[in-house]
Structure formats: C-alpha cells, structure tokens
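Please open the structure in the viewer and keep the sequence panel beside it.

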Amino acid sequence: MQAGAFEAALRAAAKVTLGTALFGCGAIARVSPDETEAGAGGRGGAEPTGLGGVGGTAEASVGGASGAGGEAPVESCQEPASGWAAYEPATFACCTAAVDAAAPADPESSREWGFHTPEDPMLDGCCAQILTENYDALWSGSALPHPVDDGVLAACCVRAHGNAGCTPWGPPCPPAMDDLEPVPWIAGRGDSARGVA
Amino acid sequence: MTNEAQSSYVFEALGEQLDEAGLGANLGAAARAFAREELRHGELCGAVVEALGGSAVAGVEDQPRFPMHPGSTRREAALRNLLSIGCLSETVAVSLIGAEREEMPEGPLRELLTQIWADEIGHARFGWTLVAAHAPLLTAEERAQLAAYLPVALRHLERHELAHLPDAHAPGAGSNELGLCSGRDARVLFYATVERVILPRLDALGLPARSAWASRHALRAA
C-alpha cells in the first residue's frame, strides 16, 4: 500500500467523524436529532414524468422558480449514448433543471425523496450524470469539474447516498455486554500486524 | 455477499431499535434503507464475482443475535449499537475501502467501489452524528454504562477485522485493479484508523476511548 493511499484513507476516516463536515455525498445523512416529521416544502412538488425527451435537451418548459409548490415544471432528459455516468454538457444542463424541479426544498428531511424514491430511472440517471465525475472533487474539497447548484448537488447526494450500506465490509452485529470471553490470540496477531508498519 | 446479508439484518434490527429510542424522527426508516442497500450491493458484488468467472453462491449463516442491551435505557442502548456499527465498523470500512479505491485504476470496478465508498461514508457519518448529538445528553449513569461498553465494542471490532484481514494475504500483480490489498497492510491501516482517528474523536466526545482500548484484552467473562 502506497503511503499516499494510506494517509488519504485516514483523512477520509477522520472527516466522517466530524458530523458537520460536508465533503461529499456520503457526508449527507438524515440524522438530525431534532428532525421533525415535516415533509418538504417542495421546489415544485412533483417529479418529472416520462422519458420521451430528446437526448440531453430541456424539452419542457421550466416554469416558475423553485420552491413554489403546486404545478411543477417538467423536464425530460434522455440518457446520452455514453451513458448517464459520463458527463455530457446538454444532458448535464437538462438534468440539473430536472432535479431542481423535482427535489424537495429540504431533501434530507423529506420522506418523498431519497433512496431512489420516488422510483424514476430518469432522476437516478440524472443524479449519476451530476455526481459521477464530481465525486473526487467533492471528497477532496476542491472545485467541481462540472459546477452545479448546491441544492441540486445535495438533492442528488441524498437520493443516491443519503444513507446506504453497500459494503463488502458490512458491519457485523454489535456485541452484547456479556460478550466478554477472553480471546488471547488477538493480542499476538494485533502486535504482529503493528510490527509491519 | 454474505456480509451484506448479515449486515442487512443488523440494519433492520437497528431500525426497529431506533423506532423506539427517541433519538429523532425517521431514523428507523433510514436504517431500514441501509438494509435494502446492503442487499442490493450484495447482488452487485456477486455480479462482479460471476463476471470474473467465479460462482456467486454462498450459504448465509443464521441471523446474528442483535443486542438490545437490557438494563440500559433505550437511548443508551441505541447509542451502544450506533457506536459499534457507525463509529467503529463503518469508520474502519471508510478507511480500508478508501485506501483500496485510491490505488485502483480508473474503470468500472473503481466506479463500483466509489459508490460503495460513498455509501460507507454515509453510514459512518450516521453513527457519528447521532453519537455526537446525544452523548452529551446522557445522564451520568447512562454515560458510565456507555463507557463500560466501549472496551467490549473495541475488542469485538478488533476480533472481527483481524478475522477478515488475513495476515498472510499478499495479492499478486494486478491485484490493485481488483481493489485488493495486502492483508498485512490493511491491518496496519486498521490500527492506525483506530488509534489516530476513532479513539481521539470518541475521547473528544467525552467517552473514555483510549483507556477502553488499553483495557480491551483484560475483559473477562461476567
């Protein structure tokens, strides 16, 4: 393991321990202790419909500004030939408008947004379009290669990663308090591992 | 894959516990969503195994016994499990996956691992945020009980991680492309993560983590 990778990993771990540090999608979680039951005020209140748009173009009108509630502007974006994850300027612009129209004002506390809900392949694809090539910059805290409004970015982060647990290293069951059997081999193996450093 | 299946159950159970713990609204639903993600990503990991020519078929062990910590208040019991899952296990995962990802070349597998890593970050942060918010609100008795749980949780973490990081495992050429790393190196990173990241942060939250770490091997059956 390269020293750079080692230190980068430690920095990433250190950041997640700081609950207020927003440094990337994974940093967003709906965990406020005084979180209310309230849904979102809505940037528009309805999700985009259909997939019939012309690739990468904002097909439908973009009506009033975000947050108005009621009738929502509808954007219909189409997956580019290179796939949702590959940046394509027109698709990116269309997707930004679509997410802005569909997402609630406070996606983290909304019950109507997140974890790919409501089901909408276009919105999922759009968030992949908005996020994928921005990941490294998000996590490193540097300027985004494809800048996007903070609200749209947060909405996609919550939708894609607001909470999740995909992991080959999924957490084991926590121990019970009476799980106190001595395991003497641990000390030796642990010390052995340290010695490698 | 098998880990995901087990972890899915862990998050389902955590969700039930959070529903009753009074730590905030919607937290149980969030944990249950973690569970669904575990299963979905287990399928993705299995697909990678199949793509590489393996057989993604494995038996799943019995569901683990999720501790509800009788004798504790609901919130302290929930904080024990959040601490074990989010602040310990998932924070170590952020570190280990982060290192593997850092060394992977660009490509589909790195993209997959990137998604995994993002999810791990969200998981770990879920635990840290709740523990940081509620630990200061504990009564003296609750805090003492949570402190007493720390060496148990830390020892469990160490046992689990070492069991999954084979000391002798040294992957060959091209292993970085698959996100594999030396088990020995990973152990070093595991200890560094605990000692340089987790323990200081827990201490800063008023939980005696360094002393708990020092005493973890002194535990004896009750």
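**First stop: chain A, helices H3 and H5**

Select A:Cys127 and A:Cys156 and display their side chains. The torsion about the S-S bond of these two residues is about -80°, so the disulfide is left-handed. A:Cys127 belongs to helix H3 of chain A and A:Cys156 to helix H5 (residues 150-161), so this pair ties together parts 29 residues apart in sequence. The two sulfur atoms lie 2.3 Å apart; a disulfide here is a pair of cysteine sulfur atoms within 2.5 Å. Helices (H or I, at least four residues) and strands (E, at least two) are DSSP runs, numbered from the N terminus.

Before moving on, please note how the model is to be read. This is a predicted model, in which local features need pLDDT of at least 70 and side-chain atom pairs count only at pLDDT 80 or more, while totals for chains, interfaces and linings use all residues. Residues are numbered from 1 along each chain as its sequence is written, chains are lettered from A and ligands numbered from 1 in the order in which they are written, and side-chain values use heavy atoms, with hydrogens and water left out.

Are A:Cys127 and A:Cys156 buried or exposed? A:Cys127 counts as buried, at 2% relative accessibility, and A:Cys156 counts as buried at 0%. Buried means under 20% relative accessible area, exposed over 50%, and partly exposed in between (1.4 Å probe, protein chains only).

**Second stop: chain A, helices H2 and H3**

Select A:Cys95 and A:Cys126 next. A disulfide joins the two residues, with an S to S distance of 2.3 Å. The torsion about its S-S bond is about -70°, so this disulfide is left-handed. Because A:Cys95 lies in helix H2 of chain A and A:Cys126 in helix H3 (residues 121-131), the pair ties together parts that are 31 residues apart in sequence. Both A:Cys95 and A:Cys126 are buried.

Move to A:Cys77 and A:Cys94. Their sulfur atoms are 2.1 Å apart and form a disulfide. With a torsion of about -95° about the S-S bond of A:Cys77 and A:Cys94, the disulfide is left-handed. This pair links distant parts of the chain, 17 residues apart: A:Cys77 is in the loop between helix H1 (3-16) and helix H2 (89-102) of chain A, and A:Cys94 is in helix H2. A:Cys77 is buried, at a relative accessible area of 0%, and A:Cys94 counts as buried at 1% relative accessibility. Over all chains, the structure holds 3 disulfides.

Select chain B and colour it by secondary structure. How many helices and strands are there in chain B? Chain B has 7 helices and 0 strands, and its pattern along the sequence reads α-α-α-α-α-α-α. Of the 222 residues in chain B, 59% are buried. One cysteine to pick out is B:Cys87, which is buried with a relative accessible area of 0%.

Consider next the contacts in chain B, where contact means heavy atoms within 4.5 Å. Among those between residues at least 6 apart in sequence, 73% join residues at least 24 apart. The accessible surface of chain B is about 8600 Å², and 54% of this belongs to carbon and sulfur atoms. Such areas come from the Shrake-Rupley method with a 1.4 Å probe; for residues, only the protein chains shown count as cover.

A salt bridge is a side-chain nitrogen of Lys or Arg within 4 Å of a carboxyl oxygen of Asp or Glu. By this rule there are 8 salt bridges over all chains.

- Select B:Arg74 and B:Glu20, which form a salt bridge with the closest N and O atoms 4.0 Å apart. The pair links distant parts of the chain, 54 residues apart, with B:Arg74 in helix H3 (residues 74-103) and B:Glu20 in helix H1 (residues 2-21) of chain B. B:Arg74 counts as exposed, at 57% relative accessibility.
- Select B:Glu76 and B:Arg80, whose side chains meet in a salt bridge (2.6 Å, N to O). Because B:Glu76 and B:Arg80 are 4 residues apart in helix H3 of chain B, about one helical turn separates them. B:Glu76 is buried, with a relative accessible area of 0%, and B:Arg80 counts as buried at 3%.
- Select B:Arg210 and B:Asp203, which form a salt bridge with the closest N and O atoms 3.3 Å apart. B:Arg210 counts as partly exposed at 45% relative accessibility, and B:Asp203 is partly exposed with a relative accessible area of 27%.
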